[in-house]
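Hi there,

Here is the structure I promised to pass on to you. Have a look at it first, and then read on for what turned up in it.

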Amino acid sequence: KNPPAKIGGYQVTSARDYKLDTIRNMATGEIIETGLPKSNVLYYDLTDDAWLCVRPSGTEPKVKFYYGIKGTSLEDADEKSDKLGKEVLAMIDAML
(Lines give C-alpha, C1' and ligand atoms only; values in the text may rest on other atoms or scores of the structure.)
Protein backbone atom coordinates (compact mmCIF):
# COMPACT_ATOMS: atom_id res chain seq x y z
CA LYS A 1 0.00 0.00 0.00
CA ASN A 2 2.90 2.36 0.78
CA PRO A 3 5.92 1.52 -1.37
CA PRO A 4 9.21 3.00 -0.22
CA ALA A 5 10.44 6.11 -2.00
CA LYS A 6 14.06 5.06 -1.49
CA ILE A 7 15.91 1.77 -1.04
CA GLY A 8 19.51 2.12 0.03
CA GLY A 9 21.05 4.92 -2.00
CA TYR A 10 18.57 4.48 -4.85
CA GLN A 11 15.28 6.23 -5.57
CA VAL A 12 12.34 3.95 -6.34
CA THR A 13 11.09 4.87 -9.82
CA SER A 14 8.24 2.35 -9.99
CA ALA A 15 6.67 -0.24 -7.72
CA ARG A 16 5.12 -3.41 -9.12
CA ASP A 17 2.67 -5.49 -7.12
CA TYR A 18 2.03 -8.65 -9.07
CA LYS A 19 -0.69 -9.80 -6.66
CA LEU A 20 -2.68 -6.62 -7.37
CA ASP A 21 -1.56 -6.53 -11.05
CA THR A 22 -0.29 -2.95 -10.69
CA ILE A 23 2.74 -0.88 -11.61
CA ARG A 24 2.88 2.50 -9.86
CA ASN A 25 5.01 5.27 -11.34
CA MET A 26 6.44 6.87 -8.22
CA ALA A 27 6.96 10.29 -9.84
CA THR A 28 3.47 10.70 -11.28
CA GLY A 29 1.39 8.30 -9.20
CA GLU A 30 0.05 6.76 -12.43
CA ILE A 31 -0.97 3.12 -12.03
CA ILE A 32 -1.09 0.65 -14.91
CA GLU A 33 -1.58 -3.11 -15.06
CA THR A 34 1.35 -5.52 -15.22
CA GLY A 35 -0.54 -7.77 -17.61
CA LEU A 36 1.07 -10.80 -15.97
CA PRO A 37 -0.39 -13.63 -13.88
CA LYS A 38 -1.06 -12.79 -10.22
CA SER A 39 1.79 -13.73 -7.91
CA ASN A 40 2.84 -12.77 -4.39
CA VAL A 41 5.77 -10.65 -5.59
CA LEU A 42 6.80 -7.01 -5.09
CA TYR A 43 9.32 -5.56 -7.54
CA TYR A 44 10.92 -2.14 -7.29
CA ASP A 45 12.61 -0.43 -10.22
CA LEU A 46 15.38 1.82 -8.89
CA THR A 47 17.50 4.59 -10.34
CA ASP A 48 20.70 3.66 -12.22
CA ASP A 49 19.02 0.51 -13.65
CA ALA A 50 19.03 -1.20 -10.24
CA TRP A 51 16.10 -3.27 -8.95
CA LEU A 52 14.86 -5.14 -5.88
CA CYS A 53 12.38 -8.01 -5.79
CA VAL A 54 10.67 -9.37 -2.65
CA ARG A 55 8.65 -12.58 -2.39
CA PRO A 56 7.79 -15.21 0.17
CA SER A 57 9.38 -18.63 -0.13
CA GLY A 58 7.07 -21.25 -1.56
CA THR A 59 8.48 -23.99 0.65
CA GLU A 60 9.77 -22.33 3.83
CA PRO A 61 8.50 -19.69 6.30
CA LYS A 62 10.76 -16.91 5.05
CA VAL A 63 10.83 -13.93 2.71
CA LYS A 64 13.34 -13.79 -0.13
CA PHE A 65 15.00 -10.63 -1.42
CA TYR A 66 16.70 -10.43 -4.82
CA TYR A 67 18.41 -7.40 -6.30
CA GLY A 68 20.44 -6.37 -9.30
CA ILE A 69 22.65 -3.45 -10.18
CA LYS A 70 24.75 -2.30 -13.11
CA GLY A 71 28.27 -0.96 -12.92
CA THR A 72 30.77 0.61 -15.26
CA SER A 73 33.16 -2.28 -14.59
CA LEU A 74 33.15 -5.57 -12.71
CA GLU A 75 34.80 -3.86 -9.75
CA ASP A 76 32.20 -1.06 -9.79
CA ALA A 77 29.36 -3.59 -9.98
CA ASP A 78 30.84 -5.63 -7.12
CA GLU A 79 31.18 -2.50 -4.97
CA LYS A 80 27.61 -1.35 -5.71
CA SER A 81 26.26 -4.87 -5.10
CA ASP A 82 28.03 -5.14 -1.75
CA LYS A 83 26.73 -1.72 -0.68
CA LEU A 84 23.12 -2.38 -1.75
CA GLY A 85 23.20 -5.82 -0.11
CA LYS A 86 24.27 -4.30 3.20
CA GLU A 87 21.62 -1.58 2.90
CA VAL A 88 18.90 -4.17 2.23
CA LEU A 89 20.03 -6.22 5.25
CA ALA A 90 19.95 -3.07 7.41
CA MET A 91 16.44 -2.31 6.13
CA ILE A 92 15.32 -5.85 7.05
CA ASP A 93 16.93 -5.61 10.51
CA ALA A 94 15.08 -2.34 11.13
CA MET A 95 11.76 -4.06 10.37
CA LEU A 96 12.37 -6.91 12.82
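Predicted model: local features only at pLDDT ≥ 70, side-chain atom pairs only at ≥ 80, totals over all residues.

Which residues of α1 are buried? They are D76, A77, L84, G85, V88 and I92. Looking down the axis of α1, you will find these buried residues within an arc of 160 degrees, so they line one face of the helix. On the other side of α1, the exposed residues are E75, E79, K83, K86, L89, D93 and A94.

What covers the buried residues of α1? The cover includes four strands: β1 (6-7), β2 (10-17), β6 (51-56) and β7 (63-68).

Now for the whole chain. The protein chain has one helix and seven strands, and along the sequence they follow the pattern β-β-β-β-β-β-β-α. Its C-alpha atoms fill a box of roughly 35 × 35 × 25 Å along the principal axes. Of the 96 residues in the protein chain, 29% count as buried. The accessible surface of the chain comes to about 6,600 Å², and 54% of that belongs to carbon and sulfur atoms.

Finally, the charges: the protein chain carries 13 positive and 15 negative side chains, and the centres of these two sets lie 7 Å apart.

Enjoy exploring!

Best wishes

How values were computed. Residues numbered from 1 in each chain as written. Heavy atoms only, no water. Buried < 20%, exposed > 50% of the residue type's maximum accessible area, 1.4 Å probe, protein only. Helix = DSSP H or I, 4+ residues; strand = E, 2+ residues; numbered from the N terminus. Arc of directions from axis to C-beta. Contact = heavy atoms within 4.5 Å. Areas by Shrake-Rupley, 256 points an atom, 1.4 Å probe, with all protein chains shown as cover. Lys, Arg positive; Asp, Glu negative; His and termini not counted. Charge placed at Lys NZ, Arg CZ, Asp CG, Glu CD.
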